[in-house]
Structures are given as structure tokens and as C-alpha cells.
Amino acid sequence: MLCAPPTSHQAQRRSLLCAASCAVLGATAPRARAQPGAGALVRVRGEVHKPLALGREQLLALPRKELGEKRIINDGGKEVTQTITFSGVLLRDLLDMAGLKPDRREVRKAVVLLTARDGYQTSFSWGEIYNSALGDSVLVVLRQGQDDLLDTDGLPALRSLQDFRLRRALESVP
């Protein structure tokens, strides 16, 4: 449903989420059929009780979480710490809305597969999303700093703000 990491600061700022497919328990999500919600910005499908296709207004109506990320930059030879604020919807909240199908034992093996428009993929385990602090920081970003991503880019972004190395984020949506 969501995605992986850009390399430059500009690419990170413009990283576009777009949850195109969500596969749980390793099952590949079925190809999208023409259906209502064709204008959806975020989709959750696969092994869920209620597939979601959320457009702009639906995303904006969901409860939001705000997270900050500190970055150290070089400004004219001086190290400066900047804090970037991200506002959006937790991936876990979207998965809860859709309702995972697996029973309580099988769900522990679940994988959430996120696919961008360009085919780039990243994944999260059920344990990362539901059984660790990481789940509190995997965000479908609607606002980054002062930028409303739905206005500037037309799409939300996905960020995993507690990853230590390469951050999982998506750059484009199907």
C-alpha cells in the first residue's frame, strides 16, 4: 500500500506515496478493475475485509498525526539542525480501517507490500506496524513543513521516520 526512499533532499520533499497495492501474507493484490474510486490517491487491498480507495476529501477527513524529524545540514560551513514537521495519517490506521483478514496466528506472518506508480516497492512486516514503535511513525504524509503535498504534488507521500538507514518512502503512484 505505501512505499520507499528517495536519495536527495529535493526528492525526499517530493516523495509521493501512493499506495497502489497492499499484499498481506505474501498474497499478491489483484489488479485494479475499473471501479468507483478510480480517482483514489491511496488504495488498500489484498487480504483485507474492506478494500479502501481514498480520494483527497476522504484523506483530509481522517484524524492526523504530526511528527518531527531533525536534520543536520551545512549552512555556510556551520552545522545547523533543522526540524521538519510531517502531518498525515498513520499507515496502521489505514490498515485498521480496511481490517486485516488473517487469523491471529497467521497475521504475525503478514507483510504489507507497497507499490509506487513506477513499480518501486517496499514492505513492512505486521510486527513492525503493530508490535513496535516503528508503527507510530509510518506516515502517509499530507503536509511536509509548510507544503500541502496534495496541492503541490497532487499526491501524498509515505515516510517511515524511525528507519535508521535508508528511509522507506515512495516517489510515485500508479
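Mentor: Helices here are DSSP runs of H or I with at least four residues, strands are runs of E with at least two, and both are numbered from the N terminus. This is a predicted model, in which local features need pLDDT of at least 70 and side-chain atom pairs count only at pLDDT 80 or more, while totals for chains, interfaces and linings use all residues. Residues are numbered from 1 along each chain as its sequence is written, and side-chain values use heavy atoms, leaving out hydrogens and water.

Trainee: Which residues of helix 3 are called buried?

Mentor: In helix 3, residues 91-98, they are Leu91, Arg92, Leu94, Leu95 and Ala98. Buried means under 20% relative accessible area with a 1.4 Å probe, protein chains only.

Trainee: What puts them on the same side of helix 3?

Mentor: They cover an arc of only 160° around the axis, so they lie on the same side of helix 3. The arc is taken from the directions from the helix axis to the C-beta atoms.

Trainee: What makes a set of residues a nonpolar core?

Mentor: Its members are buried Ala, Val, Leu, Ile, Met, Phe, Trp, Tyr and Cys residues, joined through side-chain atoms within 4.5 Å. The largest such core has 27 residues, and Leu94 is among those with the most contacts inside it. Helix 3 gives this core its largest share, four residues. A second, separate core has nine residues, including Ile84 and Val141.

Key. Buried means under 20% relative accessible area, exposed over 50%, partly exposed in between (1.4 Å probe, protein chains only).
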